[in-house]
Amino acid sequence: NRWGRRARAALGPWLRQEAARVQRRLRRRWVDAEVVVVDPPVVKAIVEQARSRRADVIVLGSRGRGTLQSALLGSVSRDVTHEAQCSVLVVKGRGRAPRRLLIGLDGSARSRRAVAFVSRLSPPRGGRVTLLAVVEPTSSRAIGRLPASVRSVLAGELAALDRERTTRARRELSRASRRLRRAGWAVDNVVRRGIPLSELRRAASTRRTDITVVGARGTTGLERLLLGSVAEGTLAHSRGSVLIVK
């Protein structure tokens, strides 16, 4: 329509100028950086550009459009994270040069992908990774209704299960830390008991993490659209930047 043509005519020069400015800044570090101006819909355009260029990572800001989205996660960042086939880094805050990373491990293939991804990065000076495994306590309120003799037996079984899960978590941390140290990272191993998302957020805060790294549930089809509760919660509620590895 008429207004659309006028708007495009007004935006065109500004977009080209902004693209040139961003490209100059990027080329200070990446000499072959290229800036492309695409037409909406934005999410589809970003995902298609990443696919056509075989990108390893899409980097986005977390700015939202509405009140709730601004408080949690911008609609474009959220939708691209769901739709993209590659990993996605959502930058929050001032976007300072990252040196401290936090990786959540849960014994799954997706958390191993997260470790593998970070191990392929060149560590910055002073680069440090915290590996966090959270063991959820195995308990049941129904035990309290059982006779004392039965409660003691079941409590012992649950305690043994907790110890076994903690041992597995420590072994996973040990394997992951060896791989990261070979890549040049300093590594801290942490095992906590509690709720995974809550402990991940707490660790990110107390250790002043620059980027929290979590693995997505899957990379194709419905699995790609369902990132997993920890990944979803970290994206929505983390104050720092989040890298979702696919």
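Predicted model: local features only at pLDDT ≥ 70, side-chain atom pairs only at ≥ 80, totals over all residues.
Is the crossing of helix 7 and helix 9 right-handed or left-handed?

Helix 7 spans residues 196-206, and within it E199, L200, A203 and A204 are buried. The arc these residues cover around the axis is only 135°, which puts them on the same side of helix 7. What lies over the buried residues? The cover includes strand 3 (100-105), strand 4 (128-135), strand 5 (186-193), strand 6 (211-215) and helix 9 (229-237).

Two packed helices are described by the angle between their axes and the distance between the axes. For helix 7 and helix 9, the axes come within 9 Å and cross at roughly 40°. That angle makes helix 7 oblique to helix 9. Here is the reply to our opening question: the crossing is right-handed. Helix 7 brings P196, L197, L200 and R201 to the contact, while helix 9 brings V230, G233, T234 and H237.

Next, follow the chain out of helix 7. In the loop between helix 7 and strand 6 you will find R208. Its phi is positive, about 50°, although R208 is not a glycine. Most residues other than glycine have a negative phi, and most peptide bonds are trans. R208 is exposed, with a relative accessible area of 57%.

Another residue with a positive phi is R54, where the value is near 55°. You can find R54 in the loop between helix 2 and strand 1 (57-61). With 76% relative accessibility, R54 counts as exposed.

The peptide bonds hold something to spot too. P40 and P41 are joined by a cis peptide bond, with omega about 5°. P41 sits in the loop between helix 1 (2-26) and helix 2 (42-52).

Our last stop is helix 5 (residues 109-119), which contains S119. Is S119 buried or exposed? S119 has a relative accessible area of 14%, so it counts as buried. Leaving aside residues up to four places away in sequence, S119 touches R179, L180 and A183.

Definitions and conventions: Residues numbered from 1 in each chain as written. Heavy atoms only, no water. Buried < 20%, exposed > 50% of the residue type's maximum accessible area, 1.4 Å probe, protein only. Helix = DSSP H or I, 4+ residues; strand = E, 2+ residues; numbered from the N terminus. Arc of directions from axis to C-beta. Contact = heavy atoms within 4.5 Å. Axes fitted to C-alpha atoms, helices over the stretch in contact; angles between N-to-C directions. Parallel < 35°, antiparallel > 145°, perpendicular 65-115°, else oblique. Left-handed = near helix turned anticlockwise from the far one by under 90°.
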